[in-house]
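The sequence and structure come first.

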Amino acid sequence: MDLFEAILLGILQGITEYLPVSSSGHLELGKHFMGVDHQVGGGHYGVTFNVILHLATVFSTWVIFRKEINTILLGLFDKENKEARSFSLYVIISMIPAGVIGFLFEDQIDQYFSGNIPLVGWMLIFTGGLLLLTAMAKKTDKKLSPLSACIIGLAQAIALLPGISRSGATISTSVLLGIDKETAARFSFIMVMPLIVGKVLKDLISGDMNMGTEVLLPMSFGFIAAFITGVLACQIMLAIVKQGKLAYFSLYCLGVGLMAIVLA
């Protein structure tokens with residue numbers, strides 16, 4: 001993988017992380033059709049590269065929601081700020097399904113990030129169908145609850161598969177549960193941050209993260225590209241969710257999914 005390919009994949013990650021079209025699925029498609037090899041020096045780096053790019057968009061999320069995130073963190077220790085404490089609790093609850101499944105089935109999940117294009121195609125079609133359901137959801141102003149946080153967390157766990165949009169799955173699930181769209185988007189973008197940071201720390205401590213000199217430079221450029229485009233894409237996605245136009249992305253997911261299956 002050269003610098004140009006790394007930058008393109010970084011831009012692709014930054015855009016698709018927030019749009020409900022599956023960033024992991026698009027990364028697999030991008031690497032496949034660009035002919036990017038997952039192996040460098042005998043080591044598998046495909047999953048590591050994906051994690052690094054997702055970490056970049058975590059920083060993008062922090063830039064956009066830094067005030068809210070700081071309030072949430074402080075709310076953990078502030079007994080009077082019940083809203084912040086509740087939101088923090090819901091984030092923790094939402095992490096449990098994906099955390100447990102990711103821990104128990106990490107090796108099996110990693111195998112899906114090695115150019116399994118037909119799987120990506122079918123999962124994109126699933127994402128498209130899920131987004132279509134949001135068009136039928138009734139508009140309500142329900143608040144987050146422990147139960148809804150757990151259900152949204154299950155949607156995030158399913159989105160560990162490449163091709164299922166994490167933001168699409170979690171925001172759509174929130175909307176179908178009747179939660180306010182702006183709250184749904186904010187919760188969706190913030191709830192994934194601890195999981196990605198935890199994944200990076202785990203891989204660094206265990207030595208599973210391949211950060212050899214041959215891939216360090218491309219990953220750095222990919223990280224920067226993903227961060228910059230992520231900041232822009234996050235703001236665009238917030239506006240889209242407020243306008244209730246998630247269903248429009250369903251046609252895109254269906255089309256790309258079918259194309260991936262046919263071309264693969």
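## Packing of H7 and H8

H7 and H8 are roughly antiparallel to each other, a class for angles over 145 degrees, where under 35 counts as roughly parallel, 65 to 115 as roughly perpendicular and the rest as oblique. The angle at which helix H7 (residues 146–158) packs with H8 is about 155°, and their axes are 8 Å apart. Axes are lines fitted to C-alpha atoms, for helices over the stretch in contact, and angles run from 0 to 180 degrees between N-to-C directions. Helices (H or I, at least four residues) are DSSP runs, numbered from the N terminus. The crossing of H7 past H8 is right-handed, a term used if the near helix is turned clockwise from the far one by less than a right angle.

On the H7 side, Ile 151, Ile 152, Ala 155 and Gln 156 meet Arg 166, Ala 169, Thr 170, Thr 173 and Ser 174 of H8. This contact of H7 with H8 has 4 nonpolar, 4 polar and 1 charged residues. Contact means heavy atoms within 4.5 Å. Of the classes, Ala, Val, Leu, Ile, Met, Phe, Trp, Tyr, Cys and Pro are nonpolar, Asp, Glu, Lys and Arg are charged, and the others, Gly among them, are polar.

## Basis of the values

The model is predicted: local features need pLDDT of at least 70 and side-chain atom pairs count only at pLDDT 80 or more, while totals for chains, interfaces and linings use all residues. Residues are numbered from 1 along each chain as its sequence is written, and side-chain values use heavy atoms, with hydrogens and water left out.

## Salt bridges

There are 2 salt bridges, each a side-chain nitrogen of Lys or Arg within 4 Å of a carboxyl oxygen of Asp or Glu. Glu 17 and Arg 166 form a salt bridge at 3.9 Å, N to O. Glu 17 is in the loop between helix H1 (3–16) and helix H2 (23–34), Arg 166 is in helix H8 (residues 166–176), and the two are 149 residues apart. Both Glu 17 and Arg 166 are buried, meaning under 20% relative accessible area, with exposed over 50% and partly exposed in between (1.4 Å probe, protein chains only).

Lys 31 and Glu 28 form a salt bridge at 3.3 Å, N to O. Lys 31 and Glu 28 are separated by about one helical turn, because they lie 3 residues apart in helix H2. Lys 31 is buried at 3% relative accessible area, and Glu 28 is buried at 1%.

## Surroundings of Ala 226

Ala 226 lies in helix H11 (residues 213–242) and is buried, with a relative accessible area of 0%. Beyond its neighbours within four places in sequence, Ala 226 contacts Gly 10, Ile 11, Gln 13, Gly 14, Leu 53, Ala 56, Thr 57 and Ser 60.
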